[in-house]
There are 2 protein chains.
Amino acid sequence: MKVGVLSKNDNEEIHNKIIVQITELINLKNLEPGDKLPSERMLSEKLEVSRSAVREAINKLEFYGILKSIPQSGTFVADIGVTAMNGMIDYILGLEDPDFKSLVETRILLELKIVKLASLRRTDEDLVNIKAALDAFEEKVLNGENAVQEDLLFHLAIANTCGNSTLNGFMLKITPEIITNFKKYHVCGDELSVVAIQEHKAIYEAIKNQETQKARQIMKVHFKTLYQYCYNIE
Amino acid sequence: MKVGVLSKNDNEEIHNKIIVQITELINLKNLEPGDKLPSERMLSEKLEVSRSAVREAINKLEFYGILKSIPQSGTFVADIGVTAMNGMIDYILGLEDPDFKSLVETRILLELKIVKLASLRRTDEDLVNIKAALDAFEEKVLNGENAVQEDLLFHLAIANTCGNSTLNGFMLKITPEIITNFKKYHVCGDELSVVAIQEHKAIYEAIKNQETQKARQIMKVHFKTLYQYCYNIE
DNA sequence: TTTCATAAATTGGTTTACCAGATTAGAAGT
DNA sequence: ACTTCTAATCTGGTAAACCAATTTATGAAA
């Protein structure tokens, strides 16, 4: 089953159907950016579905920046143009659920950039946060406990200091899926955690000293095991 | 105003407040992964807000993989652990709206990876799609019309063939914001479009011939102007 | 005591009714 | 004809009522 990034349940199918119908309507009526859609009531009547279903479809299109609802006024076609809209909707409907490989591949890409930016832009306050996450991770590992959560919180702490809210948001989006997949495929890596402590410390130091390339290099080494694992799955 | 990735309206403030309260409740009750939250009715009563408000807060937490609602059963703490949950929620609530620089910075990062993957994984069918987007762009430019939409659809066509649904989804998420910012800051770049045609063609050929490094190199050149613009804004 | 069928209660989801702000139509005044 | 003001209408959002599936409680049978 295909499902979007918003992934909820199997009712997604009917949402997609409604999205297609709304799109067709926009094209039929030659609505331009800024134009108002028929009201939710009209749409639900015309498409013979409940208003809530229409609202959910609109929500999804709004999430992807294609529509814009304004409280007591109406729902409008965002000013990205109808060509972009039609193209995007095709791709949105075709979006598949991310598999583990996609997630890891993306995570590594994001984090190698994030650690560079973080080392350039980190404030002193940021360093305190990262250090706290680092200490929490170390304590857990030295206690012999599973520290997957603390591991990823350390990485999120870095993402939070990179000064790029888009990258930060993307990291937050994929982290839970990464964790659950770690558990699913038993990539918890308890045995590697002691090594990981040293690597985390080295990353922290590099960020602290603003050694951009070094920070990136250590992060790359840090991901080596994960990287190999990722490309051995397929 | 701070706002999350889901960015809707100013009522986000109260959603965040509810999210905090729900989190506190989970901690108070020492709920572990897999445990069931109080029902939506109980929560709305206890927190003295409407049930719909509770539902929206839960939806957001579900989007970020922290909670999981099961239809006639209940809402459960996802199995990422309470430590990860608490850390993530702090970061989620602190998320700011992405600025243009964040978007461009992220786009370039994503696309340089995407074009590599696409050149490795593209099918013959993919090539047809990319070529169609390429032709549409060329026609628009040669007609002297603004071709921002067709430009980005070409890039989305590539993203759609990269075999990584996470990266593809992220590209879809930022594209509309990129377009609106282009218009806002007048980065439409009509004068550059003729050059862009050649670059697009070269990218297409490289993907077609599966010349991975070359594809990436051309994409990098293609982004040069945008890159400079991005780092001159601040 | 255990097992299993049955009914009552609980759940998230959905439909319906209602709300307050925004828009529009039209009349009144100039 | 053109404003201006007002009231009726229309809008997305929200609260309340309802639903079907699930879970739990109950108790009879073994």
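Colleague: What makes the pair formed by the side chain of A:T212 and the side chain of A:S119 a polar contact?

Modeller: In this predicted model, the two side chains make that contact at 3.2 Å. A polar contact needs a pair of N or O atoms within 3.5 Å, so the pair qualifies.

Colleague: Why is A:T212 called buried?

Modeller: The relative accessible area of A:T212 is 16%. Buried means under 20%, so A:T212 is buried. A:T212 lies in helix 10 of chain A, residues 212-222.

Colleague: Which residues is A:T212 in contact with, leaving aside its neighbours within four places in sequence?

Modeller: They are A:K116, A:S119 and A:L120.

Colleague: Which residues of the largest nonpolar core touch the most other members?

Modeller: That core has 140 residues, and A:I66, A:L110, B:I66 and B:L110 touch the most other members. For A:I66, the residues touched include A:L61, A:F76, A:V77, A:M85 and A:I92, with residues up to four places away in sequence not counted. In soluble globular proteins, nonpolar side chains tend to be buried together.

Colleague: Which residues come nearest to DNA strand C?

Modeller: There are 19 residues around DNA strand C, and A:S50, A:S52, B:R41, B:R51 and B:P71 come nearest. Of the atoms of DNA strand C that come within 4 Å of the protein, sugar and phosphate account for 52%.

Colleague: How do you know that the side chain of A:S50 makes a polar contact with a phosphate oxygen of DNA strand C?

Modeller: An N or O atom in that side chain is 2.4 Å from the phosphate oxygen. The cut-off is 3.5 Å, so A:S50 meets it. The side chain of B:R41 has an N or O atom 2.7 Å from a base oxygen of DNA strand C.

Colleague: Which element gives the most to the surface near DNA strand C?

Modeller: Helix 3 of chain A does, with 3 residues. Elements giving two or more residues include helix 2 (40-46) and strand 2 (74-77) of chain B.

Colleague: How is chain A divided in the domain assignment?

Modeller: The assignment gives domain 1 (12-94) and domain 2 (100-233). The centres of these domains, taken over C-alpha atoms, are separated by 38 Å.

Colleague: Where in chain A does pLDDT stay under 50?

Modeller: Over residues 1-9, for which the model has 29 contacts beyond four places in sequence. For chain A the mean pLDDT is 91, and 92% of its residues reach 70 or more.

Definitions and conventions: Residues are numbered from 1 along each chain as its sequence is written. Chains are lettered from A and ligands numbered from 1 in the order in which they are written. This is a predicted model: local features need pLDDT of at least 70, side-chain atom pairs count only at pLDDT 80 or more; totals for chains, interfaces and linings use all residues. Side-chain values use heavy atoms; hydrogens and water are left out. A nonpolar core is a set of buried Ala, Val, Leu, Ile, Met, Phe, Trp, Tyr and Cys residues joined through side-chain atoms within 4.5 Å. Buried means under 20% relative accessible area, exposed over 50%, partly exposed in between (1.4 Å probe, protein chains only). Contact means heavy atoms within 4.5 Å. pLDDT is the predictor's confidence in each residue, from 0 to 100. Domain bounds come from an automatic or database domain assignment. A residue is near a molecule or strand if one of its heavy atoms lies within 4 Å of it. A polar contact is a pair of N or O atoms within 3.5 Å; within protein, one must be able to donate a hydrogen and the other to accept it, and residues adjacent in sequence count only if both atoms are side-chain atoms. Helices (H or I, at least four residues) and strands (E, at least two) are DSSP runs, numbered from the N terminus.
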